[in-house]
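Here is a friendly walk through one protein model, from its surface to its helix packing and salt bridges. Please keep the structure open as you read.

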Amino acid sequence: MITIADVKKDEEVKAIMYMAENQIEALGFTEHSVRHSSIVSKWAGEILQDVGADEHRVELAKIAGYLHDIGNSINRNNHAQSGAILSYNILTRMGMNYMDAADIMMAIGNHDEHEGLPVSDITSALILADKADVHKSRVRANTTRMSMENLNIHDRVNLAAEKSIVYVDKAAGEIILNIVIDTERCSVMDYFEIYFGRMQLCRRAADFLGKKFVLIINDVRLV
């Protein structure tokens, strides 16, 4: 079986991910590098493991999480779909069987909130993990030196995010996204302005996994 370790050390993957981050940086978007991909990979695997998936499904979720943004190497627009096709070609070239590669392809092709839907357990875990990564470390160094009023809303929200973590509460049957926002830097309403659609998709993803989605912001529970 092809593992997440195999994917991370593949030279083609390294090259495409490098170009993806270069393009995202040139466009002025927040960080989408190996840091983001590694976090999404870890969280997607943990979510599937905690909802009872077997080790094989967990490994596929980790791989989907790691590769989910490689379509940015082609263009930011429709990056989920282009990344899905790229991933399928890479994984089958590496020797992954067609069904597993297609499962990952489908998950990556559905991770974006504009046209994606939670159509599998791997897709659902990927959506939840991806949308949970909001944090000040995603704002680029040259941007952090700007005044808050001159930052775009995505940078303001990420710069204000002191903590963000997603996890499964098995006892309560909930998938919880817990965020701490410095309201001196931006308002909670700013967060919802850009993340409302993403949170709706997270709720659908949690539903697919048979769990209830709960958002906690600054210790306030929003169901």
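Where is the place of Met106? Met106 sits in helix α6 (residues 98-109); helices here are DSSP runs of H or I with at least four residues, strands are runs of E with at least two, and both are numbered from the N terminus.

Before going further, a word on the model: it is predicted, so local features need pLDDT of at least 70 and side-chain atom pairs count only at pLDDT 80 or more, while totals for chains, interfaces and linings use all residues. Residues are numbered from 1 along each chain as its sequence is written, and side-chain values use heavy atoms, with hydrogens and water left out.

Met106 itself is partly exposed at 33% relative accessible area; buried means under 20%, exposed over 50%, and partly exposed in between (1.4 Å probe, protein chains only).

**Helix packing**

Two packed helices are described by the angle between their axes and the distance between the axes. Axes are lines fitted to C-alpha atoms, for helices over the stretch in contact, and angles run from 0 to 180 degrees between N-to-C directions. Helix α3 (residues 34-50) packs against helix α7 (residues 121-132) at about 130°, with the axes 8 Å apart, and α3 and α7 are therefore oblique to each other. Against helix α4 (residues 55-67), α3 packs at about 155° with the axes 7 Å apart, which makes α3 roughly antiparallel to α4. The classes are roughly parallel under 35 degrees, roughly antiparallel over 145, roughly perpendicular from 65 to 115, and oblique for the rest.

**Salt bridges**

How many salt bridges does the count come to? The count is 14, where a salt bridge is a side-chain nitrogen of Lys or Arg within 4 Å of a carboxyl oxygen of Asp or Glu. The table shows some of them.

| Pair | N to O distance | Relative accessible area |
|---|---|---|
| Asp10 and Arg93 | 2.9 Å | Asp10 10%, Arg93 45% |
| Arg198 and Glu113 | 3.0 Å | Arg198 16%, Glu113 23% |
| Glu174 and Arg221 | 2.4 Å | Glu174 8%, Arg221 43% |

Glu174 belongs to strand β2 (residues 174-181) and Arg221 to strand β4 (residues 220-222), so this pair ties together parts 47 residues apart in sequence. Glu174 is buried, whereas Arg221 is partly exposed. Arg198 and Glu113 also take part in a network of salt bridges with Asp130 and Lys131.

**Positive phi in a loop**

Most residues other than glycine have a negative phi. Asn218 has a positive phi near 50°, and Asp219 has one of about 70° although it is not a glycine. Asn218 lies in the loop between β3 (212-217) and β4, and Asp219 is found in the loop between β3 and β4. Asn218 is partly exposed at 27% relative accessibility, while Asp219 is exposed at 74%.
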